[in-house]
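Have the structure open as you read.

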Amino acid sequence: VHDTVKIWRAVNKLPSPPGAHWLAGHTNQGPYDPGFQWLLDTVAAFPRAYTLWNGPVPMPTLVHPDTIKPLLTSPTGSVKSPLYLLFDDWIGKGLALSDGALWKRHRRLLTGSFHFDVLKTYVPVYNECVEVLLGKMVKLAAEGKPMQVEHELGQCTFDIILRTACSHHSNCQLKEPLKDGEMDLLSATNTMTRIVTSRMVGNPLYINPWMFRLFSPQYPAWERAVGYAHKVGDGLISKRKEELKKKMEDGDPLTSPRDFLDTLLLARDEDGVSLSEKEIADEVNTFLFGGHDTTSSTMTWVLYAMAKYPEHQTRVREEVDELLADRDSDWITSNDLSSLEYTSLVIKEVIRMYSPVMLPSRSLTAPYDVDGITLPVGTTVAINLYQLHHNPTVWGHDHMEFNPARFLPGNLAALDPFAYLPFSAGPRNCIGQQFAYNQVRFLTARILKRFRLSLAKGEPEPVPCLTIVVRPVQEILLNLEPRNL
Ligand code: HEM
């Protein structure tokens, strides 16, 4: 009680949007309602930090580089907040959820998997997976049907992460739709994502694991999907262990891991200790989770932005045409990616506009100073990246305008390095940043090389909403016009 009173006293000193109900807090005002108008109004009124009341629970929210930077750069000042426990059954103590010595050990062992040289080896996989997608787009165009962007990109990015992480060919892009009661890894993952989201923004009682287990009608579906995903993951791991054992018996020194799973199985710390089976399984699940919805949501918004702003679409296409001129095929190599300069600017701006991962949060393990107010140990603090990226005091009053030129080196120089944090920053930044970024540049270039995209007539403007990632409330439909090459 003493600690709670201390926290309440401190958070009450921060500014807070008016009208919070004593029990419901700001929930009735719809802080995360689709479209994010409340977030836009709030950051305009409180451009540094404010207290959001999630029902009766306060959550100081940081929205300015100055208030965010010390939190993210302190290696010991905070741990992941209890909200991350919503993922616990699914990804266990993998990199995203663990803290302290366990996290440090895993991060050290896994960093090598995202080294430039390793990421280079994934480019052929991107090419193969996008060929499947392009084939489906050709068929849709021939039938005069629009593309359901999120659906198609969700399948394609899942195909990519399964192949790059575990060399697993799921054929998920070409599978027939599942019949009632059937499950595959993609549908299990989608079910888990849906249920975590509904616990995050739905009945707050179900945030508690026991209330969820005992009373939520969704629990049986959750248990089934988690069980299925773990069974598939465990199967992939034990199959690979056998393969590696056989290779070693045949004298292979195993110096070049084939994929992320190999890296995990071969990882040894300074004392020669490997990861346990449970640790490996948690990391596999972490990467399938972290590496799928994030890139799929980003690609969805990129393609939408290309259709909405044809002048930028044309500039990206010209850049790709120039890169691939005089070549026999559309295949893009890892060396090509750095030539896609305008494409990169466009992608950075899309990620700013939509902030696919919106709301990292932390529990303070040391007092934290926000504009002269000290938040005590135990306070849950959120960093709202959407609000940071739409903070008029940081980005100017034209922050809702789509303007890739913001990211030209000359303009970036004037910007605080903590003004743009889609992948967070500091020791807990996104380990998959370069992997994601390569993939999105790659997919954008290959798709625009082959198709002109336009908004399907009569479709409403898509409205972003918060799930685990930011995605459109309704599927986005785009018309496809194949280019005559
Ligand atoms: C556009 C795509 C992506 C975005 C916007 C993104 C964003 C983020 C953000 C903001 C964090 C920090 C979360 C926090 O502090 O709570 C994070 C962490 C993480 N991301 Fe990503 N991510 C993306 C893609 C990926 C991919 C492709 C992977 C894996 C292949 C991945 C794996 C992870 C992991 C494991 C962490 C936890 C790292 C740690 O705590 O050491 N992410 N990501």
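**A helix and its surroundings**

Helix H7 covers residues 123–142, and at 1.5 Å a residue its 20 residues should span 28 Å; the end C-alpha atoms are 28 Å apart, so the two agree. The expected span is 1.5 Å times one less than the number of residues. Helices (H or I, at least four residues) and strands (E, at least two) are DSSP runs numbered from the N terminus. This is a predicted model, where local features need pLDDT of at least 70 and side-chain atom pairs count only at pLDDT 80 or more, while totals for chains, interfaces and linings use all residues. Residues are numbered from 1 along each chain as its sequence is written, and side-chain values use heavy atoms, leaving out hydrogens and water.

Which residues of H7 are buried? Among them are Val123, Tyr126, Val130, Leu133, Leu134 and Met137; buried means under 20% relative accessible area, with a 1.4 Å probe and protein chains only. The buried residues of H7 pack against several elements, including helix H8 (149–166) and helix H20 (433–450), where contact means heavy atoms within 4.5 Å. Just after H7, Gly144 takes a positive phi of about 70°.

**A sheet of strands**

Now look for the open sheet of 5 strands, in the order E1-E2-E8-E5-E3 with mixed pairing. Strands E1 (49–54) and E3 (78–80) are its edges, each pairing on one side only; two strands pair if DSSP finds at least two bridges between them. E3 and strand E5 (361–364) run antiparallel over 3 bridges, and Ser78 stands opposite Leu364 in E5.

Note on methods:
Buried < 20%, exposed > 50% of the residue type's maximum accessible area, 1.4 Å probe, protein only.
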